[in-house]
Amino acid sequence: MNYALLVMSSPFSGQGAMTAARFARCVLARGHSISRVFFLDAGTNNGAAAAVFPQDEKNWLQPWVELAEQHDVELILCIASALRYGMLDGTEASRHEKTSATIHPAFTVSGLGQLVDATAGADRLVTFGG
Amino acid sequence: MVLHTLNASPSSAAFADCLRLIAPGDTLMLLGDAVYGAVTGSPDRQALDSSGAEICVLREDAAIAGLDNRLEGATLLDMDGFVELTERISRQLAWY
Amino acid sequence: MSGTNDKSLLLLVRHSPYGSSLARASIDVALAAAAFDQAVSLLFVGDGVLQLLPEQQTEQQGVRNQGKLLASLPLYDIEQVYVDAEAAQRYQLDLNTAPLNTQALDREAMSRLLLTHDHLLGF
């Protein structure tokens, strides 16, 4: 089956985002496909390139990076939300005259059309928040 | 049939709102702080059981919360079991 | 984008208009779905019904007016808008004064509504 995932919460607000990443990994392990993981609102914070993790705390960025780099899962940050949270790729950073990009290259910034497209083609749409 | 996923504590509006919409025959998957709602004998657990939905709990979140032995009658699922629920039930509604 | 893959969406809206960014996010998703010709319905429950209060005066605060945004939904063919009757009653909300036409539902009708859509999005 084809899954689309929607992540609404930031990685530091609760466990929702981390659960989403583990869920995604398990979906693939069970032989399904993931057309896209779409990050909306506070969920766009999952794309923060410069997050620093204390040694005794979990790295919440790495599971997403692995999904993108090792399993070709598309990670999309909603552009409207991303901008508000200071999540910018190189293009947006230049456009808005900010000093640098702030999102990890495993993530792409795009519009809500990508979410709509993913839901239209998905057998399962699973949302994570909290 | 709907798979409701709830990731908010029993004292939250999300918990109350979810309980209002859940129907007999639905499945309720408790994540994060929602696992506290499944504590055996608690009023929140009674409310969950009265909904007529099957109460499932993500095992790893129950362990983190220290509730391993306090969730009698709830279906403890690992992540594999959670994914399997979504294979079986086509509609998922997230409460958080 | 319309085609055999289309899925009907029900957006469940439970946050007040100005206490959470989710209120705005939910309507943005509804508008995007409509822009791509996807069937989308809205169900307002809990504090979400507060988005339907008339005369929200946001100009002085520099805040986007959620009521006006909702009033524009029918222009984009979003007309299946439902409300938890009991939640409206809690806040003494007269649905005749809401920014757009809505249909009040009881608990059983809301549960049935969930089953008539392919995908459910909770905000």
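This is a predicted model: local features need pLDDT of at least 70, side-chain atom pairs count only at pLDDT 80 or more; totals for chains, interfaces and linings use all residues.
1. Ground rules. Residues are numbered from 1 along each chain as its sequence is written, and chains are lettered from A in the order in which they are written. Local features need pLDDT of at least 70, side-chain atom pairs count only at pLDDT 80 or more, totals for chains use all residues, and side-chain values use heavy atoms, without hydrogens and water.

2. Fold of chain A. Chain A holds five helices and five strands (DSSP runs: helices H or I, at least four residues; strands E, at least two). Their order from the N terminus is β-α-β-α-β-α-α-β-α-β.

3. Fold of chain B. Here there are four helices and five strands. Along the sequence they read β-α-β-α-β-α-β-α-β.

4. Dimensions. The C-alpha trace of chain A spans about 40 × 40 × 25 Å along its principal axes. For chain B the spans are about 30 × 30 × 20 Å.

5. Burial. In chain A, 55% of the 130 residues are buried (under 20% relative accessible area, 1.4 Å probe, protein chains only). In chain B, 61% of the 96 residues count as buried.

6. Chain A carries 9 positive and 12 negative charges, with mean positions 6 Å apart. Lys and Arg count as positive, Asp and Glu as negative; His and the chain ends are not counted. Each charge is placed at NZ of Lys, CZ of Arg, CG of Asp or CD of Glu. Chain B has 6 positive and 14 negative side chains, and the centres of the two sets lie 6 Å apart.

Technical notes
Buried means under 20% relative accessible area, exposed over 50%, partly exposed in between (1.4 Å probe, protein chains only).
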